[in-house]
Amino acid sequence: MRVRRWAADIGLGVVFAVVLAFWASRLADSWGGGYWRFGCAAGAAVCAIALARRLDRARAAAAGLAVAGTAVMAAGFAGLPGEPGPGTALGLAVLVGSAVRSLPLRPACAVAAGGFAVAAGSLFTAHSLAAGVPAVTVMNMLAWLAAVVAGLCPRLLDARRRAVAERVRRAERLTLARELHDVVAHHVTGIVVQAQAARLVARRSPEKAGDALAAIEAAGSDAMAAMRRVVGLLRDGDDAGGPAATEPGPLRDLVGRFEAEGREGPEGRQEREGRQVRLRLPDEEETAVWPPEVTSTVYRVVQESLTNITRHAPRARGVTVSVERDRDAVTVEVADDSPAGPARHVPRGGYGLLGMRERVQALGGTLRAGPRPGGGWSVLATLPLSGPLSGPLTGRDRR
């Protein structure tokens, strides 16, 4: 990214130099003498500020406007060629466009207004208004308008993307809110069962009642932690805490439906060659001790990944779905073998991935989606199993 910026600035500097040299030669031919020097110096100063705009866009814009405004006043009082000249106008266009694109709303509006004032001020340097609007004013107005449009369009696109992303996050939180009931029911049911067992233990072996009460306390702590995670994600803002979930539908059924869709061609005809899915899942005894919010997130990652393959990789014939536990973390990976295409990378970064990432990051996990080195696409999520929600260790974990 930094190399690309340097290359762009070098190219822009070359354009500045060519425009300044061209205008200096034109002034030397039409005005004679050293009249070109003032306009060339003012243009070079504004262009140099434009090249340094990344250091501080607001101050760079203010400095460029100040230099251009001073040049307009000096040219008007001293009878010099009309200002701002092409070099100055081009440098100002870069500064105004950059400010409108990146600065907060009020500073961006202030810079745009300042650019308009400088462009309109070129009327002050006109030597005759009888023939209509001077050419220097038309040039500066067009440069200012192009700069505002060039800065405003990507700014509006970014605002639209943020609005869509926020709608996706809110929809995901509404789904999680519906799942809150299931999380509470899961843990409360466990507490009730523990309490019933404690009553029996207290009758038969009173000395073991303390262990039963400790188990109830642990179950209550698990319930509070899970609910805190769910409610945390439902809060607005960047400090939202964690996810939630329900018990997921069976992954084998989900994969089976995905394979069936791959075998079915247009108008319901059965194709000879369908999708082959390799499914690697842990034992049911092991997944039974996972927190429900983790199992739900696993299901959601697999579901969304398979949906993306159906939509954006129709030529994929081999898919691998792997769910594994490595000590205190669960790893989910969905990979396909589809050939690379020109639009392959764009749709895979859509808003479905945003919803998955919302859940995974809320659990303290990570999600990575991108092309595989050997071809195809991969979605890899890592979900931590730590603290009171991790459940007992399996025999493999103990080793």
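**Close-up views of a predicted model**

**View 1. Helices α4 and α5 of the predicted model, whose crossing is left-handed.** The axes of helix α4, which spans residues 86-102, and of helix α5 come within 8 Å and cross at roughly 155°. Because angles over 145 degrees count as roughly antiparallel, this value makes α4 roughly antiparallel to α5. On the α4 side the contact is made by L92, V96, A99 and V100, which meet A108, V111, A112, G115 and V118 of α5. Sorted by type, the residues of this contact comprise 8 nonpolar and 1 polar, with no charged residue among them.

**View 2. The residue S98 within helix α4.** S98 counts as buried because its relative accessibility is 10%, and the cut-off for a buried residue is under 20%. When the neighbours within four places in sequence are left aside, S98 is in contact with R53, R57 and L103.

**View 3. Helices α3 and α5, packed at an angle of about 15°.** Helix α3 covers residues 57-78 and helix α5 covers residues 105-121, and their axes lie 10 Å apart. The angle makes α3 roughly parallel to α5, since angles under 35 degrees are classed in this way. In passing α5, helix α3 makes a left-handed crossing. The residues that meet are A61, L65, A68, G69 and V72 from α3 and V111, G114, G115, V118 and G121 from α5. This contact of α3 with α5 divides into 6 nonpolar and 4 polar residues, and no charged residue takes part. V111, G115 and V118 of α5 are listed in this contact with α3 and also in the contact with α4.

**View 4. The open sheet of 5 strands, with mixed pairing.** The strands follow one another in the order β1-β2-β3-β5-β4. At the edges stand β1 (276-280) and β4 (366-371), each of which pairs on one side only. Averaged over the sheet and with direction ignored, neighbouring strands are turned by 10° against each other. Helix α10, formed by residues 292-312, lies across β2 (318-326), β3 (329-336), β4 and β5, and runs at about 10° to β3.

**View 5. The hairpin of β4 and β5, with 5 residues between the strands.** Strand β4 and strand β5 (residues 377-384) run antiparallel and are joined by 6 bridges. Along this pairing T366 stands opposite T382 in β5, while P371 stands opposite W377, also in β5. Within the hairpin, G375 takes a positive phi near 110°.

View 6. The chain has 399 residues, of which 40% count as buried. Among the contacts in the chain with a separation of 6 or more, 72% are accounted for by residues 24 or more positions apart.

Definitions and conventions:
Residues are numbered from 1 along each chain as its sequence is written. This is a predicted model: local features need pLDDT of at least 70, side-chain atom pairs count only at pLDDT 80 or more; totals for chains, interfaces and linings use all residues. Side-chain values use heavy atoms; hydrogens and water are left out. Axes are lines fitted to C-alpha atoms, for helices over the stretch in contact, and angles run from 0 to 180 degrees between N-to-C directions. Helices (H or I, at least four residues) and strands (E, at least two) are DSSP runs, numbered from the N terminus. Angles under 35 degrees count as roughly parallel, over 145 as roughly antiparallel, 65 to 115 as roughly perpendicular and the rest as oblique. A crossing is left-handed if the near helix is turned anticlockwise from the far one by less than a right angle, and right-handed if clockwise. Contact means heavy atoms within 4.5 Å. Ala, Val, Leu, Ile, Met, Phe, Trp, Tyr, Cys and Pro count as nonpolar, Asp, Glu, Lys and Arg as charged, and the others, Gly among them, as polar. Two strands pair if DSSP finds at least two bridges between them. Buried means under 20% relative accessible area, exposed over 50%, partly exposed in between (1.4 Å probe, protein chains only).
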